[in-house]
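Subject: Structure handover

Hello,

Here is the structure I said I would pass on. Please open it first and then read the notes below.

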Amino acid sequence: MERKNVLTVSQVNSYIKSLINEVPQIRNLYICGEISNFKHYYKSGHMYFDLKDEKTKLKCVMFSFENAKLKFTTEDGMKVICFGQIDVYERDGVYQLYVRDMHPEGLGDLTAAYEQLKEKLKEEGLFSKSGAREKPPYPRKIGVATSNMGAAVEDIKNVISRRYPLCEIIIAPTVVQGDAAAPDIVKSIELLDSIDGVDIIIVGRGGGSIEDLWAFNTEPVARAVFNCKTYIISAVGHETDFTICDFVADMRAPTPSAAAELAVPDIKNEIQTVMNYSAALETDIVMLLENEEKRIRNIIHSSPLANTNAFFETLVNNISDYEKRILFAFKEVISKKEGDFKSAAGALNALSPLAVLSRGYSITMHSGKPVKSDKDVSAGDEIDIKLHDGNIKAEVK
């Protein structure tokens, strides 16, 4: 074997790379295929995957600074259209597609992102909040998170002021379009939720394209609406527009003005309702009085009051009978108490010192104390001798 013009592996790979780079047709390619073997290294942010069809596959890489612009989540099995260029990775000697942009096949980026987030939040249970709480019937304050310069905020203020002027409106000026919209919407919701006395929050904006409304389809806004302790109404776009915010909120309104109508009652209807209740109550009172008058007349004519002599005669007889029973019971109680008293007096007399004295005994006292021993007194002491019928003063000799 002759060894003329022997090349190194690096030389071959470099040569092939230079040949490929000279082909202009592969610098800007749109390639359709199904994603497989997808790997997203979150430390570097780079994506590595294969694009395949029914016959073959192509290795692909999409660096972090490119895939950061994607609005949907890539995954195995997804059919996409990738835009990029073919190049050689010299270290491994393989050619691959360096992807600069990617779109779901048959769907736009925003539509794909919308469907993915909708399914994710539904599985997490964020849509379960809708309809779970009862709307406050007579709100004291209503918070509104929307742009303070659009037609939506004016529609909301006009409708609430006309329908229910008793309610206070608190506007949280909010960016509702563009990259800054989502965090600003979250901030406004949290602000209104923290204000004491706010019973309902309306969050939304007027109509627009899916790009214009996109902030209301973001995950941070969805979670802010779900975590809101105050009853919240989503009013984004026109009647045909549906956003993620609509599914998470307690109530969805087709337009901002419709949200205002749903948030407050019509004071004219409320006044009419009160008047109807008042009239019905007045009718009920009149009927009640008439029924009571009829009942009293029936009592007068059909009760013992209709024959007063017999009625009072019955009362006298009953009183006399009760009097006899009470006197008999009273005599029984007195007799028993007298017996108890005599028994107690006899027992007490048997224990009395006076009973002992009556039998010829006496008690000798000195300085108010009984003398029990000759040691208790001395010669010359004055003592008292108590008999059953009197006292004797004496001196000890």
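Phe63 has a relative accessibility of 27%, so it counts as partly exposed; buried means under 20% relative accessible area, exposed over 50%, and partly exposed in between, with a 1.4 Å probe and protein chains only. Before going on, note that this is a predicted model, in which local features need pLDDT of at least 70, side-chain atom pairs count only at pLDDT 80 or more, and totals for chains, interfaces and linings use all residues. Residues are numbered from 1 along each chain as its sequence is written, and side-chain values use heavy atoms, with hydrogens and water left out.

Aromatic rings

A pair of aromatic rings is described by the distance of the centres and the angle of the planes. Rings of Phe, Tyr and Trp (its six-membered ring) pair if their centres lie within 6.5 Å; planes under 30 degrees apart count as stacked, over 60 as edge-to-face and the rest as tilted. Seven aromatic pairs occur in the structure. In one of them, the ring centres of Phe63 and Tyr98 are 6.0 Å apart and the planes stand at 45°, so this pair is tilted. The two residues come from distant parts of the chain, 35 residues apart: Phe63 is in the loop between strand S3 (57-62) and helix H2 (64-67), while Tyr98 is in strand S5. Helices (H or I, at least four residues) and strands (E, at least two) are DSSP runs, numbered from the N terminus. Tyr98 has a relative accessible area of 17%, so it is buried. Ring pairs also join Phe63, Phe65 and Tyr98 into a cluster.

Phe242 and Phe247 make a stacked pair, with 6.2 Å from centre to centre and 25° between the planes. Both are partly exposed: Phe242 has a relative accessible area of 44%, and Phe247 has 24%. The charged end of Arg252 sits over the ring of Phe242, 3.9 Å from its centre; for this, NZ of Lys or CZ of Arg must be within 6 Å of the ring centre and within 35 degrees of the ring normal.

Strands

Strands of a sheet pair through backbone hydrogen bonds, either parallel or antiparallel. Here, two strands pair if DSSP finds at least two bridges between them. Five strands form a closed barrel in the order S1-S2-S3-S5-S4, with mixed pairing. From one strand to the next, the twist averages 55°; axes are lines fitted to C-alpha atoms, for helices over the stretch in contact, and angles run from 0 to 180 degrees between N-to-C directions. Helix H1 (residues 9-21) packs on the sheet and touches S4 and S5, with its direction at about 130° to that of S4; contact means heavy atoms within 4.5 Å.

Strands S4 (residues 79-89) and S5 (residues 94-104) run antiparallel and are joined by ten bridges. Opposite Tyr89 stands Val94 in S5. In strand S1 (residues 29-40) you will find Ser36, which is buried at a relative accessible area of 11%. Leaving aside residues up to four places away in sequence, Ser36 touches Phe49, Asp50, Lys52 and Asp76.

Pro183 is in helix H5 (residues 181-194) and counts as exposed at 51% relative accessibility. Pro183 and Val221 are 38 residues apart in sequence, and their C-alpha atoms are 7.5 Å apart in space.

Regards
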